[in-house]
Amino acid sequence: MGNINIRIITEHKKDFLPLLLLGDESESQINKYLECGELFALYDGDLKSVCVVTDESGGILEIQNLATDEQYQRQGYASNLIDHVVEYCASRYDRIILGTGDIPRTLAFYERRGFVVTHRLPDYFTENYDHPMIEDGVLLKDKVYLERKM
């Protein structure tokens, strides 16, 4: 990682759709949170990673989407971006939550960032997406929620 620059994007958020679709395959789901959420974009030369967070009230911030360009994954960009979002938002929120697929590698990533599993929504992916969702060769069924104190 060289000269990292993280920006909050307030206009033309749809321009980031190709990268956002890596974190959430459903454009209709992305549309539900993109405009009302804060979009953070991490650049290291060019765009590497994005994160969308929403205010869920009651001191809760939710990560709706976290995605890193496939050629730059596993290089620390998403970790760097989460750390920045937490630091940037810590004065306004008590905790940060997220829901993700039941994928061991993904859950381990968030646990290394200080998140703990709180609960599951059984069959979320099979009931809310119009096609089977596959990640790391695994059919996604349950949505796993994690949280971290700010």
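Which residues does Tyr-33 touch, not counting residues up to four places away in sequence?

Reply: A word on the source before the close look. This is a predicted model.

Start with the contacts. Leaving out residues up to four places away in sequence, Tyr-33 touches Asp-24, Val-52, Thr-54, Gln-64 and Asn-65. One of these partners, Asn-65, also makes a polar contact with Tyr-33. That polar contact runs from side chain to side chain, at 3.1 Å.

Now place the residue. Tyr-33 sits in helix 2, which covers residues 27-34. Is Tyr-33 buried or exposed? Tyr-33 counts as buried because its relative accessible area is 6%, and the cut-off for buried is under 20%.

Next, take another residue of that helix. Gln-29 also has its place in helix 2. Its relative accessibility is 12%, so Gln-29 counts as buried. What does Gln-29 touch? Again leaving out residues up to four places away in sequence, the partners are Asp-24, Tyr-124, Asn-128 and Tyr-129.

Tyr-33 and Phe-125 are 92 residues apart along the chain. Their C-alpha atoms are separated by 17 Å.

Now step back to the whole chain. The protein chain has 5 helices and 9 strands. Along the sequence, their order is β-α-α-β-β-β-α-β-α-β-α-β-β-β.

What share of the residues is buried? Of the 150 residues in the protein chain, 45% are buried. Tyr-33 is one of the buried residues, at 6% relative accessible area.

Contacts across the sequence complete the view. Take contacts between residues at least 6 apart in sequence. Of these, 65% join residues at least 24 apart.

Last comes the surface. The accessible surface of the protein chain is about 8,000 Å². Carbon and sulfur atoms account for 46% of that surface. As for charge, the chain has 16 positive and 26 negative side chains. The centres of these two sets lie 4 Å apart.

Conventions
Residues are numbered from 1 along each chain as its sequence is written. This is a predicted model: local features need pLDDT of at least 70, side-chain atom pairs count only at pLDDT 80 or more; totals for chains, interfaces and linings use all residues. Side-chain values use heavy atoms; hydrogens and water are left out. Helices (H or I, at least four residues) and strands (E, at least two) are DSSP runs, numbered from the N terminus. Buried means under 20% relative accessible area, exposed over 50%, partly exposed in between (1.4 Å probe, protein chains only). Contact means heavy atoms within 4.5 Å. Accessible areas come from the Shrake-Rupley method with a 1.4 Å probe; for residues, only the protein chains shown count as cover. Lys and Arg count as positive and Asp and Glu as negative; His and the chain ends are not counted. The place of a charge is taken as NZ of Lys, CZ of Arg, CG of Asp or CD of Glu. A polar contact is a pair of N or O atoms within 3.5 Å; within protein, one must be able to donate a hydrogen and the other to accept it, and residues adjacent in sequence count only if both atoms are side-chain atoms.
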